Amino acid sequence: MMEEEESPIVKGKAQEECLAVNGKVYEETEPKKGLCGLLSEPRDWFRMIAKDTHWSFVFGVVVVYGISQGLGGGIGKVASDYYWKDVQKVEPSESQIYSGITSVPWMVKPLWGLLTDVIPIFGYRRRPYFIIAGILGVFSMLLVSLHEQLHIVFALLSFTAGSAGAAIADVTLDACAAQNSILHPSLAADIQSLCGLCSSIGALLGFSISGFLVHLIGPKGVFGVLCIPASLVFLVGMVLDEPHIPSFSYTQVYRKLVDVNKSMFTTLRCGAVWRPCLYMYLSLALSLNIHEGMFYWYTDPKAGPAFSEENVGFIFSFGSVGSLLGVLLYQKVFKDYEFRGLLFWTQLLYALSGMLDLILLLRLNLAFGIPDDFFVVIDEGVSQMTGRLKWMPLLILSTKLCPPGIEGTFFALLMSIDNVGIFTSTWGGGFLLHFLKVTRLNFDNLWLAILIRNIMRLSPLILLFLVPKSDPSSPVLPIELLKTKESVKMQDEENIELVSLVRSTQ
């Protein structure tokens, strides 16, 4: 029996319902409506990213950003706050300084980026570094958890080692994300949204259970539990799909390091690059961080509302909800807006949201009949949402600034600039608390610290001329910079690896 020939009209209609994206043909389907469509949309989004990149990359994003940094970071944040306050019994300004010290590994991210880009281990450039990161995290958390009376210096070293493990995993996954963003330009915003979404959901879960864990097993017991996320990072290194480099001459490492440094220097000399970098640093550095002062006041039984461990975790979990809403708002509404205009409004909202802390501290909310428990979660949620909205376009802009061949290293450099800004903000806030004599028992000048912080948050608005007016779909780097001798040479050396990566996703 012969098959009927397809009608030209039907055939033409079928062709019209196909879309070509990045050289691939996708069949256009009728979008689902109602509850089923709402539930299937995130699943289809995950599947789309996994199909174009690889399932192991999506798994790495979920583990590193969602479980390690999000869930583990949320639990670890509350546990470390109580560890410095109740176990080591330090002042809020000291706790702020120690928090800055533990963030030092994040400021040397270009070093980790250089290692992942230039020095493969056993023929792999990404997988071994996930394994190393997992081992560092497990051993550092075990030391803090099991030692009965750990000296403050060794505690600080252990936290710094754990932070180094998290930073190595982060920069390695950043390199994978930047590489996939270049291979699939139309997915650049989706990849960053996936990273932010996993981080926000993980942090929401982490903060939600952090208070209960601290109350049940104490901060030291919590650090023992944090060995689990570090172990999963180790697993990412075992399963990540990455092409093997069969022959690599380690005698060429020096030459490749020189080539990388030349390419980075050439890129940084470009005004289209250094101006956004300067803005990213100043916008973070000028937003002083006085978190420890607020935390000590939150939990003080006399001057503050005396929130319990469960209350603190609940408050921070609502902050994660706000952060998640910020990611969703950016993905659904603001992802196509130009950088400069969006950063103006988000920075302004971020500064205004800080006034909620002042209202809470002065207990003006009680004058309007709003209880502390309700007002503080609104405060934290709004603050985190505006902070995430401000952060997302900077992340997208950072991926646009990475030249080919050194994506991991240069993206790590950009993120380290941001972390230096956070470090400056943290230490600046610590010195401000010390200068205003805010201690474990004295919060008389905390209101002034909040006011100064809010005023400083407005200052980046006068620096927006440093940010390009382009939108996320437009290139930021000039064509001549993308075709520099160093980047072309390094890109040629990676052709075999990139072709293998593309084939593995098809």
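Begin by selecting threonine 426, whose place is in helix α19, residues 407-435; helices here are DSSP runs of H or I with at least four residues, numbered from the N terminus. The model on screen is a predicted one, in which local features need pLDDT of at least 70 and side-chain atom pairs count only at pLDDT 80 or more, while totals for chains, interfaces and linings use all residues. Residues are numbered from 1 along each chain as its sequence is written, and side-chain values use heavy atoms, with hydrogens and water left out.

**Around threonine 426**

With a relative accessibility of 7%, threonine 426 counts as buried, a word that stands for under 20% relative accessible area, whereas exposed stands for over 50% and partly exposed for what lies in between, using a 1.4 Å probe and protein chains only. Now show the partners of threonine 426: leaving aside its neighbours within four places in sequence, this residue is in contact with Gln96, Ser99, Gly100 and Asn289, where contact means heavy atoms within 4.5 Å.

Stay in helix α19 and select phenylalanine 431, which has a relative accessible area of 49% and is therefore partly exposed. If you draw a C-alpha to C-alpha distance from phenylalanine 431 to glutamine 96, it spans 8.7 Å, although the two are 335 residues apart in sequence.

**The salt bridges**

How many salt bridges does the structure hold? There are five, each being a side-chain nitrogen of Lys or Arg within 4 Å of a carboxyl oxygen of Asp or Glu.

Is lysine 77 buried or partly exposed? Its relative accessibility is 27%, so lysine 77 counts as partly exposed, while aspartate 81, at 2%, counts as buried.

Glutamate 292 has a relative accessible area of 2% and is buried. With the three side chains displayed together, you can follow the network of salt bridges that links Lys77, Asp81 and Glu292.

Move on to aspartate 357 and arginine 453, which form a salt bridge with their closest N and O atoms 3.0 Å apart. Here too distant parts of the chain are linked, as aspartate 357 sits in helix α16, residues 355-361, and arginine 453 in helix α20, residues 446-458, 96 residues apart. Aspartate 357 counts as buried at 10% relative accessibility, and arginine 453 counts as buried at 5%.

**Two packed helices**

Finally, select helix α7, residues 127-146, together with helix α9, residues 188-225, which pack at an angle of about 155° with their axes 8 Å apart. Axes are lines fitted to C-alpha atoms, for helices over the stretch in contact, and angles run from 0 to 180 degrees between N-to-C directions. To see the contact itself, show Met141, Val144 and Ser145 of α7 with Lys220, Gly221, Phe223 and Gly224 of α9.
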